[in-house]
Amino acid sequence: MKQVNITINGVPLTVPEGTTILEAARMLNINIPTLCYYEKLGCGVGNKPASCRVCVVEVERRRNLAPACATPITAFDEGMVIHTNTQRALKARRTVLELIMSDHPQTCLTCAKNQDCELQTLAAEFGISEIEYQGATNRIPKDASSNAIMRDLSKCIRCRRCETVCSKVQTVGALTGYGRGFSAKVATAGMMPLADTSCTFCGQCVNVCPTGAITGISYVKQVWAALNDPSKTVIVQTAPAVRVAVGQEFGFEPGVPVTKRLVGGLRALGFDKVFDTNFAADLTIMEEANEIVQRLKSGQNLPILTSCCPGWINFLEYQFPDLLNIPSSCKSPQQMFGAIAKSYYAAKLGIDPKDLVVVSVMPCQAKKYEASRPEFANDEVRDVDYVVTTRELCRMFKEAGVNLQGIAESEYDSPLGESSGAADIFGVTGGVLEAALRTVYYLVNGKNLEGDAVNFRDVRGLEGVKEASVTVAPGLTVNVAVASGLGNARKVLEIVRKDPGRFQAIEIMACPGGCINGGGQPYLHGNADLLESRMKGLYAEDEAKTLRLSHENADIKQLYAEFLGEPGSEKAHHLLHTCYHCRKK
Amino acid sequence: MCKNSLSPALADKFAALEAYIADLNITRDDARRRGRLIQVLHRAQQIFGYLPREVQCFVAEKMYLQEADVSGVVSFYNYFTTKPKGKYCINVCLGTACYVKGAEKVLSEIERVLGVKADTNPTEDGLFSVSALRCVGACGLAPVVMVNEKVYGKVTPAMAVEIINEYKQRG
C-alpha cells in the first residue's frame, strides 16, 4: 500500500493511502467535530454517510470544503495540505449546526437525553447562543407503540446511525430513509408503529442515536410509586451485565464489578428485598442443561438454541418462523425469576402475588417488551411488573442522591439472591453456553469439572461468531456455535437451515458482545474498548467465586427440594418454560 | 409474506408479478438485487395501479429484502404511489415553464370539473385521478398535461375540459 505525505495544520504526516482526513487528524490528536459519523457500530460496521457536514475542513487547491469523515487520502493526494480550523471551515460548521438546530425542538431541559446528547454537546462547544434561521419545522407525533422503545422523530437529525445499525449490523431492517427532501425521515416501512414492524427492541439504535430521537420507554415513575406504596412489597432483581456497567456513571473504573455497592444502592432506594437475576440464571441452567442432555440423548430436535435473550427470540419469531421449535423452551432468567417470585416466594411471605411488585434492572430494552408478553402473566398479574435499564437506574440513584462511591457495601438477600459464577457470565457472549456446558458435564458424567477445566475458553471473546467442539464425555463430542449481534445470528441460522446436523448447541445474543453492550447500558459514545473491560469484569466475578457451577447453588437445590421437584418436572414446566409464536403480521 | 388477506381477484395480478420477478433469477446472496428493485416496483405498479402494503411486502419477500427497504424506495420516488389511481391519470406539469404559461389555472379548472384535489383520491367513478408533477421535459409545449402516457401541449383551461370529456366518453 502506498504511503502518502500530507500536512495537517502545518504538521507533516505520512499515512497509508485510503486513510480518511478524519483518521489522519486523529493520529495527530487534532480534533475535528463529527455528528453523523460513528466508527464502530459493531461487527465491523460504521456509519459514514457524510450527511451532516459538521466535519468539513479546508483542503488547499480544492474549491469546496471536504467532509473529513468521508474524504480518503488517495495515492494522487501526495503533498495534500489540510487546514481543519480556518475561518471558512468554522463558519460552515456553525451554519450546519444552526440549520440542524433550527429544525430541532429546543426542549433540552425536559429531554431524556439531556447531558447525553451529541448535538447539545456540539452546540455548547460552538457556543451557539441564537439560531439565525427561523423556518419550517418537522413536528411528528411520538411513537410509543412498543412498550420498550420511544421514537420522537421531531428530534431526529437524519444521521441514519439507527438505520445502519438496524439493517447492517442486526439485519433486522425495521428502519429506512422515508420520503425525500425536507420532510425525509428515518422511519419504519410506511411510517407504521414500531410495534408492528420487524423490530426486535434490541435497542442498539437507542445506544447510537446522537439525540433524543430514540430512547427507552421509562417505567421509573411507576417504580417510585410502588416503592412509596405501603401496601406493596417491592423486590428487585439485577441482571449480570448491570454490575460491570453501573460503576461507569459514578466514577468507578469502567468494567470493574461494583456488585455490593449496587446492592447497597438499591437498598437505599427503598426496595424491600434485593435479589439477583443470577439466581434465576442458575435456575435456567438447571432446566436448560437438562433439556440439552435429553435432546442429545434422543438425538431429536437438534441443535438446541439458548433462549435467554428476548431480542434474539423476537428476531427468530419474525425472521425464521420455520425454526420456532429449536430454541430451548426455557423462559429467560428474568421471567423465571418473576414466575418463582410470584409463586414460591409470595407463598413463603404469605402474601397475595398482587401485592408483590417485581422490578428488574436490565441492560436491555427488549426485556421491557418480554415482561409485557401476555403469556408471562397470571390473571393480569405480571410475573415482572416493571423493567428499568442500567441507565435508568443510574438516574434513579442520582435523583435520590445515592452516590455509589459513598454507599456501604451490602449482600444480596436470601433465598433468591445466591448465585454461582456460571450465572455472572450470562451477561457476555458465550457465557450462557459455557454455564450450560459446566452443568451438562455433571449431568452426563455424574461428577464436576475440576480446576481449570471449568473454563471453556474456546467460546469466550467478543468475536461475532465462535465455533468449538467440546468433548463432554468419552465418545460424546458436541459441536457448538456462539453468535452475538443479530446479523451474526442470521448467518448461523442460515447454516442451521441448510445443514441442521452441523451444530448440536448454539447460543445467540442479540447485541454485539452480549448483554454488556445491551440497549439499556450506559452509553459507550463510540468507545468500544469499554466492552472489553465489561467482559473482563464478568469473567473476574466468575473466577472470584468458589461456587462456579449452577447445580451446586444451595438455594437452587432448596428450591427444587421444597417446591419444584426436579428439573423438567411438571411444575417446572408450568412455571419455567414457554413456547414461541410467529410474530410477522 | 404479510398475512394480510389477499382478495382472490388479485391472485392473477400477484401471479403475474411473481412470474416477472422469477424471470430475474434473483437469489438471496445477490448483492445487486437492490438495484433491481425499482424496475420490479415499476412493473408492480403497472400491474396493480398502485403499491399498497401487501404488494410491497410481496416484492420484499420475493426479492429477499426487508419491507422497510421497499417502503423507503417507494416513498422516495414521486412516480410510485401507495394509493389507488383512476383509470386515467391526469398529470399537470407545474415546472417553471408551464407554471409561467398558466398551468396553475389549468390545474384548478381540472380540479373544479372533476371535483377532486390533486394528489388525493381518484374521482368516485374511478375514472380519473389528478396529480401535479415537475417538468416532463417538453417545456416548448408549455403548459403540458399528460393523461397516462399521452402528452397534450399548450393546454388552456377550456382545452382541459375538452380532454376530460373525450376520456369520459371512452369510459
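View 1. Y64(B) is partly exposed, with 14 other C-beta atoms within 10 Å. By this count a residue is buried if 20 or more other C-beta atoms lie within 10 Å of its own, exposed if 12 or fewer, and partly exposed in between, with C-beta atoms placed from the backbone. Y64(B) is not a glycine, yet its phi is positive, about 55 degrees. Its place is the loop between α3 (53–62) and α4 of chain B. Helices (H or I, at least four residues) and strands (E, at least two) are DSSP runs, numbered from the N terminus. The model is predicted: local features need pLDDT of at least 70 and side-chain atom pairs count only at pLDDT 80 or more, while totals for chains, interfaces and linings use all residues. Residues are numbered from 1 along each chain as its sequence is written, and chains are lettered from A and ligands numbered from 1 in the order in which they are written.

**View 2. Chain B as a whole.** Chain B has 7 helices and 4 strands, and from the N terminus on its elements run α-α-α-α-β-α-α-β-β-β-α. Along the principal axes, its C-alpha atoms fill a box of roughly 55 × 30 × 25 Å. Of its 171 residues, 27% count as buried. Among contacts in chain B with a separation of 6 or more, 60% come from residues 24 or more positions apart. Two residues are in contact if their C-beta atoms, placed from the backbone, lie within 7 Å.

View 3. The 4 strands form an open sheet in the order β2-β1-β3-β4 (chain B), with mixed pairing. The edges are β2 (128–133) and β4 (150–152) of chain B; each has a single partner strand, so one side of each lacks a neighbour in the sheet. From one strand to the next the twist averages 20 degrees. Strands count as paired if DSSP finds at least two bridges between them. Strand β1 (residues 88–93) of chain B pairs with β2(B) in the parallel sense over 6 bridges, and Y88(B) has F128(B) in β2(B) as its bridge partner. Helix α6 (residues 103–114) of chain B packs on the sheet and touches β1, β2 and β3 (145–147) of chain B, with its direction at about 150 degrees to that of β1(B). Helix α7 (residues 157–170) of chain B also packs on the sheet; it touches β1, β3 and β4 of chain B, and its direction makes about 5 degrees with that of β3(B). Axes are lines fitted to C-alpha atoms, for helices over the stretch in contact, and angles run from 0 to 180 degrees between N-to-C directions.

**View 4. The side of chain B that touches chain A.** Here 11 residues of chain B are in contact with 14 residues of chain A. Helix α4 (residues 67–76) of chain B supplies the largest share of the chain B side, 7 residues. That side divides into 3 nonpolar, 4 polar and 4 charged residues. Ala, Val, Leu, Ile, Met, Phe, Trp, Tyr, Cys and Pro count as nonpolar, Asp, Glu, Lys and Arg as charged, and the others, Gly among them, as polar.

**View 5. Domains 2 and 3 of chain A.** Chain A is assigned domain 1 (3–98), domain 2 (110–128 + 140–216) and domain 3 (221–576); the bounds come from an automatic or database domain assignment. The centres of domain 2 and domain 3 of chain A, taken over C-alpha atoms, are 28 Å apart. Between them, 18 residues of domain 2 of chain A are in contact with 25 residues of domain 3 of chain A. On the domain 2 side, helix α5 (residues 204–208) of chain A gives the most, with 3 residues. The residues of this side divide into 7 nonpolar, 10 polar and 1 charged.

**View 6. Helix α9 of chain A.** In helix α9 (residues 310–319) of chain A, 8 of the 10 residues are buried, so the helix is largely enclosed by the rest of the structure. The buried residues are P310(A), G311(A), W312(A), I313(A), N314(A), F315(A), L316(A) and Q319(A). Their cover includes α11 (366–371), α15 (486–498) and β21 (505–509) of chain A.

**View 7. Backbone details in loops of chain A.** The peptide bond from L302(A) to P303(A) is cis, with omega near 0 degrees; P303(A) is in the loop between α8 (277–298) and β14 (304–305) of chain A. S414(A) and P415(A) are also joined by a cis peptide bond, with omega about 10 degrees, and P415(A) lies in the loop between α12 (390–399) and α13 (421–424) of chain A. N147(A), not a glycine, has a positive phi of about 70 degrees.
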